[in-house]
Amino acid sequence: MRAVHFCASCGKVQPPVPVDYFTFFGFPRKLNLDISALEKEFYALSRRLHPDLFAQANPEERAFSLEQSSMLNDAYRTLKDPIKRTEYLLRLEGVELEEQSKQATEKARATGKLKKQVVPADLLEEVFELNMHLEELRTQKKIGEDDPALLEEIGKAKLSLEEKYNALFNELKAEWNKWDKFVDKGTTDGAEDDRRKILDKMLDVLNRRNYVRNLVRDVNEALEN
Amino acid sequence: MATNHIVGIDLGTTNSLVAYMQGDSPVVIPGEDGLNLVPSVVALDENNQIIVGNAARRYLIETPERVVYSIKRLMGRGLEDIQDELKLFPFQLADDLQAGEVLRIKIGERTYTPPEISALVLRQLKRNAERFFGAPLTQAVITVPAYFNDAQRQATKDAGRIAGLNVLRLVNEPTAASLAYGLDKKKHGMVVVYDLGGGTFDISILKLHDGIFEVIATNGDTHLGGDDIDNLLIAIALDDIRGELGLDFRRDPRHSGEAIQRIRQAVIEAKIALSSQPTAKLDVDLPGGKKYQREISLEAFEQIIQPIIDRTVGPCKQALKDAGLKPEQIDEVVLVGGSTRIPKVRRLVQDLFGRVPHTDLNPDEVVALGAAVQANILAGGSEITKEMLLLDVTPLSLGIEVAGGVTDKIILRNSTVPASATQYYTTQVDGQTNVAIHVLQGERELARDCRSLARFDLKGVPPMPAGMPRIEVRFLIDANGILRVTAREQRSGKEAEIDVQPSYGLTDEQVENMLLESFDFAEEDFRQRQIIEARREADTILTALAKGKKNPAWQDLTSEERSKVETLEKSLVGVKEGDDYHAIREAIDALNQATMHLAELMMDTAVSTALKGKAMDDTDLEEGPQAGHPVAKAEFE
């Protein structure tokens, strides 16, 4: 199913209907996506919806084109990036992204409290050790000491984290395949549980991946300063 | 369609141009003087007439306090952030300027906001185009630096409006340049545009394919350009002069204006000369009679300007990073802006991108030519442009200030425009009907380090318990790179009224008033000119009459005639110094009429004298009354 951007009979640009980004492009709500097909469609739609093409049209058409092309750009930006695409799908399916939740962030900032960040279970030990090392590093730097053995430890830990980061992406891709298969099957009885399971798993992978990314960032910061 | 001309305008810091698409190629429309470049210089002459362009430049030396240049540096900016500019340029702020007010600059006895001054330059270009087409011009595309923020863009749009133009689109300068470059359909690949003008620096990375010009990343510095090179050289010269000649012009308010402008002229000439010569000479006649002479070598020049040119490297590297590209992946580098003629700049660009930059296009004209191409596309396109499409980006991230003074970015930099983001707000207090939003532009974490764009006050929220309203606020950056905000309370479906307080700009009402005032002003100026011309004519006729009375022919008039002439003479003298143009005109005509007989008699005398063999210039034959030349300076006693 694809969104109707232009009237079938008179060809004039239509007011944008609030559709999701997948529908806007006429793509199924699946996570594996042919990027070059998406790009091609983006350019094709741009050539027809861009405000430059409506400079001499009446104000109504100009307004529609502005709305449509902003939706087109927003949709393209979101679907092009694998993580944004995943997050978008989760939101569409009603899953609130805990870590990125704006309310949570704002609340944390307003109250000065730390955001509730759950350390992924499989990383507990690693994170604990790494944080200890980073503390040590910061103390040493303050007094001007230099410990190459410590730096090497931290360097190894960072590499390990980076590997985990990449591995998590592959884990995400595995969930993508599950999701896409699920979509292909169509709705069946007991499907709600399956649906929920896949979505939750994807959210979990994303959160863990974000956590690892933030950790790597902290390491880099500590090493630089 | 043929009479509906849309032009492209490059409103530059140093020079401005207007161009249009003539068949398959864009051409620049010259001024009355036949020149393509109109210096962005505005002067007020002794009669408070506005002079724009090359004619205005002469006033820089004569009456520098009545001239403004490089006004683009002040567009969309506030008092707090132009302190550097005030030190480096002879801008005079209005005496009664308050903090938080829109900037006003003094030119002579009058004050103008920067958009009004830019509008005067645009008016000149508009006149040039109208003269060329022989038809009125109402629509234009105007270019802006890619790195201009929202306030700077809005100020440019306001200037267009005040000049009586409907600005169809603001186009980013590097993107416009790429249009001129890529008009040849075979051009495709990754193109970098390095644009170093008089006051601004932009770098844009574009992907050209199938007629689509897609900006991938853009970066820059809106106060970096040839002006900075000039100012550095001027500062060195002033120090030199103080050391060698013991004259400190910085502390000499009476002469500093003129001295600095003379030095500036010399320094600019030398700078230009050094693009093709190994040495250049500075030769300045200083006020007070002394001379300043000095030779500059190319080597010394390059050393002096190194820190300024180096400032372009950071933005270039950031743009490449944002684009996810390495220099090797760039297919072409295009140079734009007069300052790219400097050999050192070219070498720097070559080193940065590992390739010889493309220099076939005239760096002064390419932006205007590209704007003309865009104008053509907006007008409906022609054979050569019908496959072309511009996809540009917003250069700065858009953010909202949230609790803790932090910026929450909602639209990231280098997002293709039009782009939008939706945020949800609610109320803190029962019955609260207003919600305030502070919008910013910039990449920093803290709101105070970003650029304040505007404060939006959402009014008309239906009174409800605190936390109940769900206000959907939509931020939309349009194709001009300018922000629009709409808001709706979802539960009631009511559209919220939005009161916008631009942080550095003019409200719509102020712009409309300026537009109306500019019409009045034009009339006022025109009226002044009429009066001056009439006075001149009156003086001429009175002088002629005075001589005529000494002529023997005067005695040949009847006493009635003589009495009538003298009454009308007195009458003309009476109204001449007044402001009533029609009264002066009537008095002139009446006197002319009354003195016709006298003129005839004097003519006869001359003729008969000539026939008697006397030379014509032995007679008292005067030239008849004539209208003063409209452009000549009026002489007042």
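Among the contacts in chain A of this predicted model that link residues at least 6 apart in sequence, 63% join residues at least 24 apart. Chain A contains eight helices and zero strands, and its elements, read along the sequence, accordingly follow the pattern α-α-α-α-α-α-α-α. Of the 225 residues in chain A, buried residues make up 24%.

The mean pLDDT of the chain is 84, with 87% of its residues reaching 70 or more. By element, the highest confidence is found in α2(A), at 95, whereas the lowest is found in α5(A), at a mean of 51. Over residues 99–103 of chain A, pLDDT stays under 50, and for this stretch the model has three contacts beyond four places in sequence. Where pLDDT is low, the predicted coordinates should not be read in detail.

The two chains meet through 17 residues of chain A, which are in contact with 21 residues of chain B. On the side of chain A that touches chain B, at least two residues are supplied by each of α2 (35–49), α3 (59–80) and α5 (102–111). The largest share of this side, six residues, comes from α3(A). Sorted by class, the side of chain A that touches chain B comprises five nonpolar, six polar and six charged residues. The confidence values given above bear on two of these contributing helices, α2(A) being the element of chain A with the highest confidence and α5(A) the element with the lowest.

Within chain B, a helix pair was examined in terms of its geometry and its contacts. Helix α6 (residues 226–245) of chain B packs against helix α8 (residues 298–310) of chain B at an angle of about 140°, and the two axes are 10 Å apart. Because angles over 145 degrees would be needed for the pair to count as roughly antiparallel, α6(B) and α8(B) are classed as oblique to each other. The crossing of α6(B) and α8(B) is right-handed. On the side of α6(B), the residues that take part are Asp228(B), Ile229(B), Leu232(B), Leu233(B) and Ile236(B), and these meet Ile304(B), Ile305(B) and Ile308(B) in α8(B). By class, the contact of α6(B) with α8(B) is made up of seven nonpolar, no polar and one charged residues.

Backbone features were also noted in two loops of chain B. In the loop between β20 (406–411) and β21 (419–425) of chain B lies Pro418(B), which is joined to Val417(B) by a cis peptide bond with omega of about 0°. Asn414(B) is likewise found in the loop between β20 and β21 of chain B, and Asn414(B) has a positive phi of about 65° although it is not a glycine. With 18 other C-beta atoms within 10 Å, Asn414(B) is partly exposed.

A positive phi, of about 50°, is also found at Asp210(B), although Asp210(B) is not a glycine. Asp210(B) is placed in the loop between β13 (201–209) and β14 (212–221) of chain B. Asp210(B) is classed as exposed because 11 other C-beta atoms lie within 10 Å, the limit for this class being 12 or fewer.

Conventions:
Residues numbered from 1 in each chain as written. Chains lettered and ligands numbered in written order. Predicted model: local features only at pLDDT ≥ 70, side-chain atom pairs only at ≥ 80, totals over all residues. Axes fitted to C-alpha atoms, helices over the stretch in contact; angles between N-to-C directions. Helix = DSSP H or I, 4+ residues; strand = E, 2+ residues; numbered from the N terminus. Parallel < 35°, antiparallel > 145°, perpendicular 65-115°, else oblique. Left-handed = near helix turned anticlockwise from the far one by under 90°. Contact = placed C-beta atoms within 7 Å. Nonpolar A, V, L, I, M, F, W, Y, C, P; charged D, E, K, R; others polar. Buried ≥ 20, exposed ≤ 12 C-beta atoms within 10 Å, placed from the backbone. pLDDT = per-residue confidence, 0-100.
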